[in-house]
Amino acid sequence: MNIYALVKRTFDTEERITVSNGKIVEDGAEFIINPYDEYAIEEAIQVRDANGGEVTVVTIGGEEAEKQLRTALAMGADKAVLINTEDDLDEMDEFSAAKIIAEYLKDKEADLILAGNVAIDGGSGQVGPRVAELLGINYVTTITNLEIDGTSVKIIRDVEGDSETIETSLPLLVTAQQGLNEPRYPSLPGIMKAKKKPLEELELDDLDLEEDDVEAKTETIEIYMPPQKAAGRVLEGDIPAQVKELVDLLNKEAKVL
Amino acid sequence: MSKKVLVLGEAREGALRNVSFEAIAAAKTVSGGGEIVGVLFGDAVQSLGEEMIKHGADRVITVEHPHLKHYTSDGYGQAFMAAYEQEKPEAIVFGHTALGKDLSPKIASKLATGLVSDVTAIEGEGDDAVFIRPIYSGKAFEKVKNKEGLLFISIRPNNIAPLDKDDSRTGDVSSISVDITNLRSVIKDVVRKSTDGVDLSEAKVVVAGGRGVKSSDGFAPLEELAKLLGGAVGASRGACDADYCDYSLQIGQTGKVVTPDLYIAAGISGAIQHMAGMSNSKVIVAINKDPEANIFKVADYGIVGDLFEVIPMMIEEIKKVQSN
């Protein structure tokens, strides 16, 4: 089976965000594979192990994204592709990213493409479904279970807490929700092997794309921090008195009851 | 220039979701005085059209088909494209709900357009509209604008105020006939897990439990409090990882981001990842045994104490207030 996992390098969830000159400060920050993409990689590996075939991880980014691709290879992916846009594009949005990835995938005859349902940085969750639409294949988002039998696929997806059971077929793109699996940590032998696995680097030219073809449709004009909340009140007294005061405050001061 | 705006209405168990009315308000802001056209899909939605008009839509078009009873991206995609081709709007507004998140990128891709998703506020009006959306799960915000051409946004529930309902408003509700074919996904079953149908991301009140809840049974008082307040129950990652509850309840940088009017955090220490998912709530109450817990830094009101002592007392006190 020909399996692709789409991944994104993101800030570690532990990181505090600081903004300087209207941009997120990246210096010294730890970067990780977007946590939802880890579920996608893990599922890709499990599907390959059960059905045979090959897992290719694909990302768009600069040189530094190689680190996250090596991690995915160490987890067990077979090949990696870095589409390096650093020299060509200053700005991109979901339209640009989807177009680039779809252009790469269009002649690959993928049976299954997996992605995270959302990236924890931009948080728009658009790229997966956009790629599927550009490739003309079906997609199912926020999945928590995946069963493949030949070309038949049975999926459970999370819909705002409800579970939907869906039947569909390959080729297919799915996006991973939490609970899909427990992503493995790369093993030491895995890390050693990953160093020798193929990592292909491509630029827009290699995909026959011009900068104009992927020019962003939207523009970020400012990034800023949310206003700091003033420190609240920790109530005092015995517990029954505190509870009484709290309910009174919620009712009369905050007016939320 | 005024814009004609198409707004996707979303029904749940026979009634329109509040986010649909919020979407009409957002449409009004970007329209610059242009026409607001509601669109509704389902197997029987004709009667909901008037509701959209009372909340500010000028007219409504519906597509009714047995294949639209349950949402599928193919079915709704075909219905929406038919509405789009008929109306040729200059802007589109969806709710950033499970349905909106699933469908909007498909439509944006079909129309080769940008999509500003998860908008929480709009600055300016008409062509000058700038969209504010959280990034890094609310650790920061960005202002985004559409460069040119069709404008497409999805709005986060509970953030943009709907217009006042006006029962005297009237408008045309008409249906278009669309042949819905070739659905590639077939829905076999839906299991409802949400508490009393109050969706976590849309709930006005969220009562969330952390490791301090200690077991799945420990969520019982939280559920009782949530029910009393017409809210939903949420959880921290710690509680989900410990198997006290389902991952669908998780609030945080992974998990759901919520902005209710009232957020009650019980037995939650307040890890940075959890705070990202709830710190923009309007009023935050923290209940924790540990006075040093991080959660007190963002809480408007805090009680240092055992949640199993505090919550039952809260329930009694709130009942007293409600009965007055």
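This is a predicted model: local features need pLDDT of at least 70, side-chain atom pairs count only at pLDDT 80 or more; totals for chains, interfaces and linings use all residues.
With a relative accessibility of 10%, A:Glu164 counts as buried (under 20% relative accessible area, with a 1.4 Å probe and protein chains only; exposed is over 50% and partly exposed lies in between). Contacts, meaning heavy atoms within 4.5 Å, link A:Glu164 to A:Ile155, A:Ile156, A:Arg157 and A:Val159, and also to B:Ile187, B:Asp189 and B:Val190, leaving aside neighbours within four places in sequence.

Turning to chain B, its fold contains eight helices and 18 strands. Its radius of gyration, taken over C-alpha atoms, is 21 Å, close to the 20 Å that the globule rule (2.2 Å times the number of residues to the power 0.38) gives for 324 residues, so chain B is as compact as a globular protein of that length. Along the principal axes, the C-alpha atoms of chain B fill a box of roughly 60 × 45 × 40 Å. Buried residues make up 61% of the 324 residues in chain B. Among contacts in chain B with a separation of 6 or more, 65% join residues 24 or more positions apart.

Residues are numbered from 1 along each chain as its sequence is written, and chains are lettered from A and ligands numbered from 1 in the order in which they are written. Local features need pLDDT of at least 70, side-chain atom pairs count only at pLDDT 80 or more, totals for chains, interfaces and linings use all residues, and side-chain values use heavy atoms, with hydrogens and water left out.

Terms used. Helices (H or I, at least four residues) and strands (E, at least two) are DSSP runs, numbered from the N terminus.
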